[in-house]
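Please look at the sequence and the structure shown here, and keep both at hand while reading the report that comes after them.

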Amino acid sequence: MLIGIDASRALRARRTGTENYSLQLIRHILALDSGHRFRLYCDQPLPAALQDLGSAGQIEIRVIPFPRLWTHLRLSAEVIADPPDVLFVPSHVLPLFHPRRSVVTVHDLGYSAFPEAHRRFSRWYLHVGTRFSARTARHVLADSQATKDDLVRLYGTDPAHVTVIYLGRDAELAPVTDSANLVQVQEKLGIAQSGRHRAYVLAVGTLQPRKNLVRLIEAFAQVRATQTDLCLVLAGQRGWLSDPIFQRVEELGLREHVLFPGFVSDEDLPALLSGALVFAFPSLYEGFGFPVLEAQACGTPVLTSTTSSLPEVAGQAALFVDPLSTEAIADGLVQLVTDSVLRRRLRTAGFANIQRFSWQRCARETLQVLEQTAHGDL
């Protein structure tokens, strides 16, 4: 059987959740002893670091360079002219023209839950593209039950045509215990002062409204009334509508206490997570929530939201708060910062929770759906 996979998102130099999902899932599907042939459709040549994606004899790489409308023009043309037995698109939007047997992953419908947090064109494209994919794909994968429920509610998708497959986690991610390494990374990112560790609350993710960072900053300002040595680290690249985040820091006089190290590399992330006193993720909406698992894998106690998929992913290993209440976020931060017993309990529970997630399981379950779709069983 020939399985075609849109690998374009896996090739991004700076990967966030969707890109990381694409890369890890493709890697692990190819590593399975399935006996199938695979064709990867790429919008650029494979970078040196990813050359191994095409190393096996049963894997064909098709590079289709084209700067605009790649999915709907070039990929459409390729898969219609020479169709695989089944096409898999790991990120939201199928090509306008695609094989009858196609599978797509829908990660979230945040553009519907919080439309004001997206550019008008982006919101329109995601709405139209996701609705089109949900209605025309032979089968749909969802990262969480919360996303599946949203698809059924908003687009009337038949529940029988949606399979929930939890994402995996980086099995190599673990607590960094070398104090010199922790301080070195903190110095590199502008957190440590004169070689000395600073206690910090950490949030990781693109700086955008959906991450609820303005309320987190306001809650942190309340916490600093009693925890004067604490700082807040907001790690991630700037996204759309990020200016109010920086403005709120200035308005509250927190310039010296709220730090923005920017995008953090995979190399530095484990130490950054391990050194944090608390990981704060009061996001308004998440289809899955990779950062929660990353923090738990590094032994950092997690504060997160009661909404969307986050209770599903965090399990019993987080302190949950109402993300719309600044007071609730502040109270949760105070609990975690001051209660070492609670932090230890969440740390232990976090290590247990992450065992539910693996890329090997995600790959096996995804491949099973692709096989069933190709054979007409779904």
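The report below describes a predicted model, and it takes up a histidine, the nonpolar cores, a pair of helices and a valine in turn.

His107 is found in a loop, which runs between strand E5 (102–106) and helix H3 (110–113). Is this residue buried or exposed? The relative accessibility of His107 is 4%, and because buried means under 20%, His107 counts as buried.

Two polar partners of the His107 side chain can be named. The side chain of Asp143 is joined to the side chain of His107 by a polar contact of 2.6 Å, while the backbone oxygen of Pro90 lies 2.7 Å from a polar atom of the His107 side chain. When residues up to four places away in sequence are not counted, His107 touches both of these residues, Pro90 and Asp143, and also Thr18, Tyr21, Ser91, His92, Thr147 and Gly287.

## The nonpolar cores

The largest nonpolar core has 65 residues, and the members that touch the most other members are Tyr21, Leu40 and Leu202. Helix H14, made of residues 359–374, gives the most to this core, with 7 residues.

## Helices H7 and H8

Two packed helices are described by the angle between their axes and by the distance between those axes. For helix H7 (residues 213–223) and helix H8 (residues 243–251), the axes come within 9 Å and cross at roughly 15°. Since angles under 35 degrees count as roughly parallel, H7 and H8 are therefore roughly parallel to each other.

The crossing of H7 and H8 is right-handed. On the side of H7 the contact is made by Leu213, Val214, Ile217 and Glu218, and on the side of H8 by Pro244, Ile245, Arg248 and Val249.

## Val162 in strand E7

Val162 lies in strand E7, which covers residues 162–164, and Val162 counts as buried, with a relative accessibility of 4%. Leaving aside neighbours within four places in sequence, Val162 is in contact with His139, Val140, Ala142, Lys148, Leu151 and Thr157. Val162 and Gly350 are 188 residues apart in sequence, and their C-alpha atoms are 28 Å apart in space.

Methods:
Residues are numbered from 1 along each chain as its sequence is written. This is a predicted model: local features need pLDDT of at least 70, side-chain atom pairs count only at pLDDT 80 or more; totals for chains, interfaces and linings use all residues. Side-chain values use heavy atoms; hydrogens and water are left out. Helices (H or I, at least four residues) and strands (E, at least two) are DSSP runs, numbered from the N terminus. Buried means under 20% relative accessible area, exposed over 50%, partly exposed in between (1.4 Å probe, protein chains only). A polar contact is a pair of N or O atoms within 3.5 Å; within protein, one must be able to donate a hydrogen and the other to accept it, and residues adjacent in sequence count only if both atoms are side-chain atoms. Contact means heavy atoms within 4.5 Å. A nonpolar core is a set of buried Ala, Val, Leu, Ile, Met, Phe, Trp, Tyr and Cys residues joined through side-chain atoms within 4.5 Å. Axes are lines fitted to C-alpha atoms, for helices over the stretch in contact, and angles run from 0 to 180 degrees between N-to-C directions. Angles under 35 degrees count as roughly parallel, over 145 as roughly antiparallel, 65 to 115 as roughly perpendicular and the rest as oblique. A crossing is left-handed if the near helix is turned anticlockwise from the far one by less than a right angle, and right-handed if clockwise.
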